[in-house]
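Q: Please take a close look at one part of this structure, and then say how the rest is put together. Plain terms will do, as I am new to it.

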2 protein chains.
Amino acid sequence: MLSISIIGTGNVAQHLFDELMSYPKSIKVDQVIGRNLKSLSYFKDKVETSSDYNNISHSDICIIAINDDAISSVSQQLKINNCLIVHTSGSKAMTLLDKHKRIGVFYPLQTFSKNRKVSFKTIPICIESAQEADLFVLQKLGKIISNKVVTITSKERKSLHLAAVFVNNFTNHVNHIAHEVCLENKVSYKLLHPLLLETIHKLEELSPLDAQTGPAKRDDQRTIEAQKNMLTKASHKKIYHTLSQSIKETYGEEL
Amino acid sequence: MLSISIIGTGNVAQHLFDELMSYPKSIKVDQVIGRNLKSLSYFKDKVETSSDYNNISHSDICIIAINDDAISSVSQQLKINNCLIVHTSGSKAMTLLDKHKRIGVFYPLQTFSKNRKVSFKTIPICIESAQEADLFVLQKLGKIISNKVVTITSKERKSLHLAAVFVNNFTNHVNHIAHEVCLENKVSYKLLHPLLLETIHKLEELSPLDAQTGPAKRDDQRTIEAQKNMLTKASHKKIYHTLSQSIKETYGEEL
């Protein structure tokens, strides 16, 4: 049985909490600590809660699941010994927790939204620890909730997080522009959903380099110019131009 | 029973042919015509083939599924009367076929790759015709293979095609950059696939405007600068910058 305390009450904390609570035979969540009383109320009927970091339980693992910028100062305030303290950030180094001896990272590589259940089994859990023995503890926890636990360094995790910005944030934004084009021209964005799904499913078999199609790949300047002219916002034109240039360069290099 | 001739031997022609052939009770494919003998060989054991446009059969519908730039000249060469002639292009106007009386468009809104089977049932078929009676013919054909047949104008189709470039081509390219970041830093791009899937599935419930997250949305300048500095290629830095700026503007406007 692993005992866990969670610091934080946001999306990651909530999703992680719900997941951990669903394995009562192997995991005991001792406590959730958070300063935001409104979001702390989500937990209060289910587990012991507190808004004071000094009240922290002595669990096997203390998971800090809060905003990146607050990790360091919260870590400084924690007065616990012999507890493995980890954060859940994709971009922050493990050494932020350096005040303590037993430290690590437990990073679920996924986007979490309020009210959207995700299956943890498929989420890669990226772990790291200062002491080797603690890696086994994190592995044990990771394997209870996910089929994919990988040990990576802070530097590697940072690269993954950068790649994740392209995969999630930028994919979403180019779809936002598609949505705007549809609204403006009174066609249904929903018609594009099967295309989006196939675009993604293709990447299970092909690399994005091999999967690329379209006017920029073909260097079809006439279509590129015509499409740029159809866009009404300057920022959308610029994105169309910048991405098309980069696609042309990518495949130009190959010739 | 609808009889069909197909002009063209590329990806769209092949996928459409295979699909039409799977409904032998309602559709009869009379013939496939193509100039490229090598790709014409794909069809030759299954149906009558020819490389001469003058040999075209008198089917109910003649589907021109070839490169956008060739549609007009091929249409000019066709000598058939009283056959409904359609093209399958997303970006070209129906009027390219103006030499003939009964004309239209039969545009399956999907990306087709060699050796990848897609289910036509979910593909929106966008149809258009010069004469109203022909719309029923295209509707009849569309409904045999797909659950989603929509009538749209050439102008609307052009907008959809522009949006499709964002949804497919640009989504793929930002994922290509993520892939490159992973290769360069020796982390596995496959770890990001569950994130990509969730990014897309979220858009079934939320608009891309509501689904946006990340450093640019939060206007987290420190992370933005740090991540830009991690990118080694100038074109990737430029894309990171341009997309982040646009995201910041999108949400800045809201405040």
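A: Not counting residues up to four places away in sequence, Ser57(A) touches Ser5(A), Asp30(A), Gln31(A), Glu48(A) and Ile80(A); contact means heavy atoms within 4.5 Å. This is a predicted model, in which local features need pLDDT of at least 70 and side-chain atom pairs count only at pLDDT 80 or more, while totals for chains, interfaces and linings use all residues. Residues are numbered from 1 along each chain as its sequence is written, chains are lettered from A and ligands numbered from 1 in the order in which they are written, and side-chain values use heavy atoms, with hydrogens and water left out.

Ser57(A) lies in the loop between strand S3 (48-50) and strand S4 (61-64) of chain A. Helices (H or I, at least four residues) and strands (E, at least two) are DSSP runs, numbered from the N terminus. Ser57(A) counts as buried because its relative accessibility is 17%; buried means under 20% relative accessible area, exposed over 50%, and partly exposed in between (1.4 Å probe, protein chains only).

Of its 255 residues, 58% are buried. The C-alpha trace of chain A spans about 65 × 40 × 35 Å along its principal axes.

Chain A also meets chain B. The axes of H5(A) and helix H6 (residues 193-202) of chain B come within 9 Å and cross at roughly 5 degrees. Axes are lines fitted to C-alpha atoms, for helices over the stretch in contact, and angles run from 0 to 180 degrees between N-to-C directions. Where they meet, Ala164(A), Val167(A), Asn168(A) and Thr171(A) of H5(A) face Leu195(B), Leu196(B), Thr199(B) and Ile200(B) of H6(B).

Leu192(B), leaving aside neighbours within four places in sequence, is in contact with Leu109(A), Leu160(A), Ala163(A), Ala164(A), Val167(A) and Cys182(B). The largest nonpolar core has 102 residues, and Leu192(B) is among those with the most contacts inside it, along with Phe166(A), Leu192(A) and Phe166(B). A nonpolar core is a set of buried Ala, Val, Leu, Ile, Met, Phe, Trp, Tyr and Cys residues joined through side-chain atoms within 4.5 Å. A second, separate core of 31 residues includes Leu40(B), Phe106(B), Leu135(B) and Leu138(B).
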